[in-house]
Amino acid sequence: ANPVIHPQTGDNLGYQIVYRGDLQLTAAHEQVYSGTITKAVSEIERGDILLPRVEHDTTIVLKRSETPLEGCIIAAHPEKLTFGQRDIFYVDLGSDNGLAVGNMLTIVRPRQASELALQDRNIVLPDTLLGRALVVKTDAATSAAVILKSAEPVYRGDLVYTEME
């Protein structure tokens with residue numbers, strides 16, 4: 001499990017668990033169980049954590065967000081530096097904030113004004129639009145979303161906001 005540190009606040013948000021495969025228990029012994037690995041999507045090592053399998057609903061209905069929310073991408077696949085179409089990422093918004101499965105998110109990055117532009121006036125530039133994502137799972141304080149479309153690479157620390165229309 002990898003610790004998840006918020007890219008803006010530095011707070012420890014918990015741990016990210018990476019799916020490595022499936023194991024079917026085959027026998028119970030006095031102090032341990034035996035099992036057979038039935039599916040592996042990456043290297044499985046002694047000491048990896050076992051969790052019960054959770055079936056997820058495969059149908060997601062698009063749902064307009066009831067609340068304008070702004071958040072931050074806090075994690076994605078730990079072995080990737082950038083993310084794009086079909087990648088899943090995690091945000092610091094959850095059901096407690098009003099985010100729901102089926103909500104659409106816009107992914108943006110604040111644009112920085114050049115030194116020359118800042119000399120004349122305190123200029124505010126529009127954000128760079130990076131792409132759009134669909135919320136596929138929510139917990140109380142965090143959610144997972146899949147990138148549907150991206151114009152540029154997406155990074156941990158990029159911002160998201162709910163689409164209201």
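Two strands are taken as paired if DSSP finds at least two bridges between them. The views below show a predicted model.

**View 1. Pairing of strands β1 and β2.** Strand β1 (residues 2–5) and strand β2 (residues 12–16) run antiparallel and are joined by four bridges. Within this pairing, Asn-2 has Gln-16 of β2 as its bridge partner. Six residues lie between the strands of the β1 and β2 hairpin, where Gly-10 adopts a positive phi near 80°.

View 2. Leu-23, Leu-25, Tyr-33, Ile-37, Ile-44 and Leu-50 make up a nonpolar surface patch of about 630 Å². Two or more residues of the nonpolar patch are given by each of β3 (21–28) and β4 (33–40).

**View 3. Leu-50, a member of the patch.** Leu-50, one of the residues that make the nonpolar surface patch, is found in the loop between β4 and β5 (70–76). Leu-50 counts as exposed because its relative accessibility is 63%, and the exposed class begins over 50%.

**View 4. The largest nonpolar core.** In soluble globular proteins, nonpolar side chains tend to be buried together. The largest nonpolar core of this model has 17 residues, and those with the most contacts inside it are Phe-89, Ile-107 and Val-160. The elements that supply two or more residues to this core are β5, β6 (88–91), β7 (104–109), β8 (128–138) and β9 (143–150). Strand β8 gives the most to this core, with three residues.

Notes:
Residues are numbered from 1 along each chain as its sequence is written. This is a predicted model: local features need pLDDT of at least 70, side-chain atom pairs count only at pLDDT 80 or more; totals for chains, interfaces and linings use all residues. Side-chain values use heavy atoms; hydrogens and water are left out. Patches are made of residues with over 30% relative accessible area and no salt bridge: like charges are joined within 9 Å, nonpolar side chains (Val, Leu, Ile, Met, Phe, Trp, Tyr) within 5 Å. Accessible areas come from the Shrake-Rupley method with a 1.4 Å probe; for residues, only the protein chains shown count as cover. A salt bridge is a side-chain nitrogen of Lys or Arg within 4 Å of a carboxyl oxygen of Asp or Glu. Buried means under 20% relative accessible area, exposed over 50%, partly exposed in between (1.4 Å probe, protein chains only). A nonpolar core is a set of buried Ala, Val, Leu, Ile, Met, Phe, Trp, Tyr and Cys residues joined through side-chain atoms within 4.5 Å.
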